[in-house]
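Okay, thanks for coming, everyone. I have one model to walk through today, so let me put it up.

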Amino acid sequence: MSTADERPPGEPAPELLEGRLWVDGCFDFFHHGHAGAVVQARQLGDELYCGVHSDEAILENKGPTVMTLRERVLATDACRWVTKTVPNAPYVTQLDWISHFGCKYVVHGDDITSDSSGEDCYRFVKAANRFKVVKRTPSISTTDLVGRMLLCTKGHFIKSLEKTLAGEEGPGTAEERKANGQAMLDRIKLYATDETAKNPGADVWFWSKSSGDNGSYKELLRGKGPQLGQRVVYVDGGFDLFSSGHIEFLRAVTQAEEELARQDGWYSQQAIDERKGKGADYGPVFVVAGVHDDEVINNEKGVNYPIMNIFERGLCVLQCRYINAVVFGAPFVPTKTYLTSLPWGTPDAVYHGPTSFMPTTDDVYRAPKEMGIYREIGHHEFEDVNAETIVQRIMKSRGQYEARQKAKGMKADVEAAHKRREELEEEQRKKQAQR
């Protein structure tokens, strides 16, 4: 547990750097709201250090965490705009901590964060005039997501992301839909930036099914694209409540490709010099992530999954440093027609993890297996962590989270909602048993 009296780890930085900034927080099941603050902070400087509070400090000041410190650190490490993660950072930001790491300023959203005594967590850095403010991501927080789980709501679902971005679908008047669609598109553009948060990074496409295995791709944003010599690999999923299970899988995919590249001489000094001579060095793999529609996931999992809609899940995937491109609306079954039509060409490999959150009797990956490009990542520490197990964590400690939600102003009858979730989960188990 970190306190104001604890000394920061490691040797102190020799000086304060104007371009080295600090953000800190709980980062509980790191979502696009957190990423929104991080990317805005990164735009203000050249480096971004991210302090993550301990489980004990959060429990004392806010309430129980859903994810462990190790899982939360894994998430911030995976964020493409974070330069360095600092675990066990004090809940009340201390000047000696940020100075120890050479950070001149602290960046935080425009919402107020208080400790257990009701005092501003940033009072010391504000008094020292070393505080910068960015806008809070609207309509999302950890509390909002926990509320969706407890209340079993579906109002967050999006029927067609493409039409929503165009202002053709969604609540409100035509003018409101258009404004909302543009705001969502602007946020996708922001999250698709590179590690500097200032230049284009990830490619973003839509895929729409027409008939049978056929469909069409439509470009939304053009990023860097594959570089010379990079292998293109494909992964897909719901990526709901983007968490340690997804992150560790994606990290393992990158590591597997790096090992293949190492065997082929990618990391020889000559190869590195050649790439640098043409501009800058880069990694050996270009990872494309297919993200399923809300309807596809709900058809498979029922209840009120996905907890995050496709827009939110897409933002979570885009912010991940292990991803280079996203296909919104990817089919649940990646057929040969779909894979050979990918905008980047037929992938060199299709990767899948050791377990599946969406059980099915069909061999979803039959096509890539027949094509000889299927690869499977072995067992890892977080392979059992997915949206369902995270919901189970919430429900197991329901009383604590209900108290936290009520403290945040949630007035609904959580007991009735919990009973409804149990009924829906039982219905889904019966459906799966009949398949």
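Strands here are DSSP E runs of at least two residues, helices are H or I runs of at least four, and both are numbered from the N terminus.

Before I go on, this is a predicted model, where local features need pLDDT of at least 70 and side-chain atom pairs count only at pLDDT 80 or more, while totals for chains, interfaces and linings use all residues. Residues are numbered from 1 along each chain as its sequence is written, and side-chain values use heavy atoms, with hydrogens and water left out.

Back to that pair. Strands β8 (residues 231-237) and β11 (residues 349-352) run parallel, joined by 2 bridges; pairing takes at least two bridges found by DSSP. On the sheet, helix α9 (residues 244-263) packs against β8, β9 (285-291) and β11, touching each of them, with contact meaning heavy atoms within 4.5 Å. The direction of α9 makes about 160° with that of β8; axes are lines fitted to C-alpha atoms, for helices over the stretch in contact, and angles run from 0 to 180 degrees between N-to-C directions.

The whole sheet is open, with 7 strands, mixed pairing and the order β7-β6-β10-β9-β8-β11-β12. At its edges, β7 (215-221) and β12 (374-376) each pair on one side only.

Now, helix α1 (residues 32-42) is largely enclosed by the rest of the structure, because 10 of its 11 residues are buried, meaning under 20% relative accessible area with a 1.4 Å probe, protein chains only. Among them are His-32, His-34 and Arg-42.

How values were computed: Buried means under 20% relative accessible area, exposed over 50%, partly exposed in between (1.4 Å probe, protein chains only).
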